[in-house]
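Please keep the sequence and the model in view while reading.

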Amino acid sequence: MPEIPSAEQKPPYYPSYFPDLAKIIRIKQEAMDAVIELEMAGGRALGHMPGQFVQVSMFGYGEIPISICSPPGRERFKLCVRPVGRVSKALHEASEGDWVGIRGPFGRGFPVEIMEGRDILLAAGGIGLAPLRSLVQYLRDHREGHKRIILVYGARNPSLILFKEDVDAWSRDPGMEMYVTVDEPDESWSGRTGVLTGPIKEEIEIGPVHTIAAVVGPPVMYRFVAAELLAKGMSKRKIYFSLERHFKCGIGKCGHCQLNGIYVCQDGPVFRYSDLVGLSEAVEAWAPE
Ligand code: FES
């Protein structure tokens, strides 16, 4: 195991810049992504909440932000990594037993305290299921606090469905209402087809006053999901989006993720829709009038 610096050895003024070590315990291939299970050195809990992210450093390659896809309250945590760049490809090629650096958890996640006692509508597109998985598992861990847990998940095709075992288990869970749809079905697929706004518009009845929605996916989908939720009578105050940005420092210092006057890494990545209105760089490109 690499040497772990003591608290005194860490830089005194910017401890959040200094990574802690975590060991890769297991790597599982999920569609085109790798789900990496990690344990912090010394066995301490990561201490995150659903929707937060960590900065992961692969020694010799660099550092990238990754959403945490497992719920709090576990000894270990999981990250879902898509091999799209130098660091993420190196992470894909890592082995069980390797060590990585972890900074965080950072950012503001989903408002689990506001969600208590409400119906929860979750909408995930593509790899957006990864950060939302943390919230799904959290809500299932605390299901006595919620009336309904509805999950709408859209994938491009059946082979790209993420967390297939979880999706199957959630579909069998009588405490969850699942709507899974694919854009491009193949002969193996007998479920819904089309984009995820289809079930939201045509199949799901909600009480807009008692429902909180959380949406994660490619920004292009937000405009359409927001329009359907508003058409159902939901207020912008009850709709939450997780914004994607390429974080560098992760702690509101470098300005890399700045949109208008906000730092997405620190003020988000989860935002209430009503708080984004007027932030032209953040939302006007996709938000309905
Ligand atoms: S990533 Fe540096 S300010 Fe947000």
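Buried, as used below, means under 20% relative accessible area, calculated with a 1.4 Å probe and with protein chains only as cover. The model is predicted.

**Strand E3**

By that cut-off, strand E3 (residues 53–58) is mostly covered, with 6 of its 6 residues buried. Phe-53, Gln-55 and Ser-57 point one way from E3, while Val-54, Val-56 and Met-58 point the other way; all are buried.

E3 is joined to strand E4 (residues 62–67) by 6 bridges, and the two run antiparallel. The two strands form a hairpin with 3 residues between them, and in the turn Gly-60 has a positive phi of about 90°. E3 also pairs with strand E6 (residues 99–106), again in the antiparallel sense, over 4 bridges. Ser-57 takes part in both pairings: Glu-63 stands opposite it in E4, and Gly-101 is its bridge partner in E6.

**Strand E7**

Strand E7 (residues 119–125) is likewise mostly covered: 7 of its 7 residues are buried. Asp-119, Leu-121, Ala-123 and Gly-125 point one way from E7, and Ile-120, Leu-122 and Ala-124 the other way, all of them buried.

E7 has parallel pairings with strand E11 (residues 211–216), through 6 bridges, and with strand E8 (residues 149–155), also through 6 bridges.

| Pair | Bridges | Sense |
|---|---|---|
| E3 and E4 | 6 bridges | antiparallel |
| E3 and E6 | 4 bridges | antiparallel |
| E7 and E11 | 6 bridges | parallel |
| E7 and E8 | 6 bridges | parallel |

**The whole chain**

The protein contains 9 helices and 15 strands. Its C-alpha trace spans about 55 × 45 × 35 Å along the principal axes. How does the radius of gyration of the protein agree with that of a compact globule? For 289 residues such a globule would have a value near 19 Å, and the protein has 19 Å, so the two agree.

Of the 289 residues, 50% count as buried. Among contacts with a separation of 6 or more, 69% are between residues 24 or more positions apart. The protein exposes about 13,400 Å², of which carbon and sulfur atoms supply 49%. There are 33 positive and 36 negative charges, and their mean positions are 3 Å apart.

Key: Residues numbered from 1 in each chain as written. Predicted model: local features only at pLDDT ≥ 70, side-chain atom pairs only at ≥ 80, totals over all residues. Heavy atoms only, no water. Rg over C-alpha atoms; globule rule 2.2 N^0.38 Å. Contact = heavy atoms within 4.5 Å. Areas by Shrake-Rupley, 256 points an atom, 1.4 Å probe, with all protein chains shown as cover. Lys, Arg positive; Asp, Glu negative; His and termini not counted. Charge placed at Lys NZ, Arg CZ, Asp CG, Glu CD. Pairing = 2+ DSSP bridges.
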